Amino acid sequence: MDLSIVKVPVELQAASPIERGPAVGKNIISYDNKKPPTLPDALGVYTIMPSTNTADAPHPLATPAIAAELHAGLQAPGAAISPKFLYDALGSKLFEAICELPEYYPTRIEAAIMERHGADIARAVGPGATLIDLGAGNCAKAAALFPLLHPAQYVALDISADFLRDAIDRLRQRFAHIEMTGLGLDFSQQLELPGVVRPEKRLFFYPGSSIGNFTPTEARAFLARLRAQCDTDGGLLIGIDLVKETAILDAAYDDDLGVTAAFNLNLLRHVNRLVGADFQVPQWRHLGFFNEAESRIEMHLEAREALTVTWHGGSRRFAAGERIHTENSYKYRQPAIAGLLEQSGFQAVKLWTDPQQWFALVYARALPA
Ligand code: AVI
């Protein structure tokens, strides 16, 4: 895909087709609180946007790459749509609601671990890190660490650059002494940090068990990319969800209120907008369950009846009961974590968990290359 570099005032930026989550595209928005904004570059925002040649674009919101990806997934023998399409504006809000559900324990337990072991975490990591927050969102999790870790620089990465800009603007008012940079980029696909990110003592912060949304092979490759971006004084603070009783896992991904079901089904509406598809939400059912053999939660959308879906450039007939695979969320056993990290170029230094051992927060140091 052709990329052109354009500089646009924030208010003129088109909404990103994927607003949050493991991201799409190459929107890079960077700003730095060391440089006071000057007019006319009021916000100093530089965006790399897809080329504006719309002749081959099937829908105003889908880039050709996104349209091709969705087309391939829908045509595959076992239909699949990437979980990144769960996160349009409503999907992001529904995910926030999931995090509030009594059944969805990861957010709550991770926060409790951080609160309980904050001083110990700070001792292990030490002060003055370049704290790089992967999938920062509203930056709240990292901000809770500031008083403990005293980072020299905070670098927030998220696909949703607009969301990030607002969050950092708010944070700057509370922590004026910390140098802050926001980068709107898709770190799941590639990670090359710009020169504005201090090379010293880089600490990648990857909370929320998002690593579980990669297959173990992808997870190792992703972590190795992080390792490649740090010197030997670098490290990783990562949240990892642990294997537990199936009933607890099933409930976390198929809650009584149906919030996770809405989150999953909303992907169909997002796809409708992106590629002009005609998915009818009532024709589909949410499935979320633990696949013990694969050690992962699987989310699917299952056709309630025989139906045909069409979109710009394709169509497919689904039999009743046929599924579209929308997400995996791998759960790890504690003894496997050290291996996962070592194979990616890190050495686990310390692991904190909750009394029930449902979730782990791990600090790992970069191994010498
Ligand atoms: C973002 N990610 C870590 C969540 C998870 O638990 O895998 C996404 C999610 N899917 C359904 N509920 C939450």
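Axes are lines fitted to C-alpha atoms, for helices over the stretch in contact, with angles from 0 to 180 degrees between N-to-C directions. Helices (H or I, at least four residues) are DSSP runs numbered from the N terminus.

This is a predicted model, in which local features need pLDDT of at least 70 and side-chain atom pairs count only at pLDDT 80 or more, while totals for chains, interfaces and linings use all residues. Residues are numbered from 1 along each chain as its sequence is written.

**Helix pairs**

| Pair | Axes come within | Crossing angle |
|---|---|---|
| H3 (residues 105-125) and H4 (residues 140-149) | 9 Å | roughly 55 degrees |
| H2 (residues 89-100) and H8 (residues 259-275) | 9 Å | roughly 170 degrees |

The angle makes H3 oblique to H4, the class left once angles under 35 degrees count as roughly parallel, over 145 as roughly antiparallel and 65 to 115 as roughly perpendicular. Met114, Gly118, Ile121, Ala122 and Val125 of H3 make the contact with Ala144, Leu148 and Leu149 of H4 (C-beta atoms, placed from the backbone, within 7 Å). This contact has 7 nonpolar, 1 polar and no charged residues; Ala, Val, Leu, Ile, Met, Phe, Trp, Tyr, Cys and Pro count as nonpolar, Asp, Glu, Lys and Arg as charged, and the others, Gly among them, as polar.

H2 is roughly antiparallel to H8. Residues of H2 including Leu94 and Phe95 meet residues of H8, among them Phe263 and Leu267. The contact of H2 with H8 divides into 9 nonpolar, 4 polar and no charged residues.

**Ligand shell**

Among the residues around the ligand are Ile98, Pro106, Tyr253, Thr260 and Glu327, where a C-beta atom placed from the backbone lies within 6 Å of the molecule. The shell comprises 3 nonpolar, 7 polar and 1 charged residues. The ligand lies between domain 1 (64-93 + 247-330) and domain 2 (107-244 + 333-366), because both give residues to the shell; the domain bounds come from an automatic or database domain assignment.

Note on methods. Helices (H or I, at least four residues) and strands (E, at least two) are DSSP runs, numbered from the N terminus. Two residues are in contact if their C-beta atoms, placed from the backbone, lie within 7 Å.
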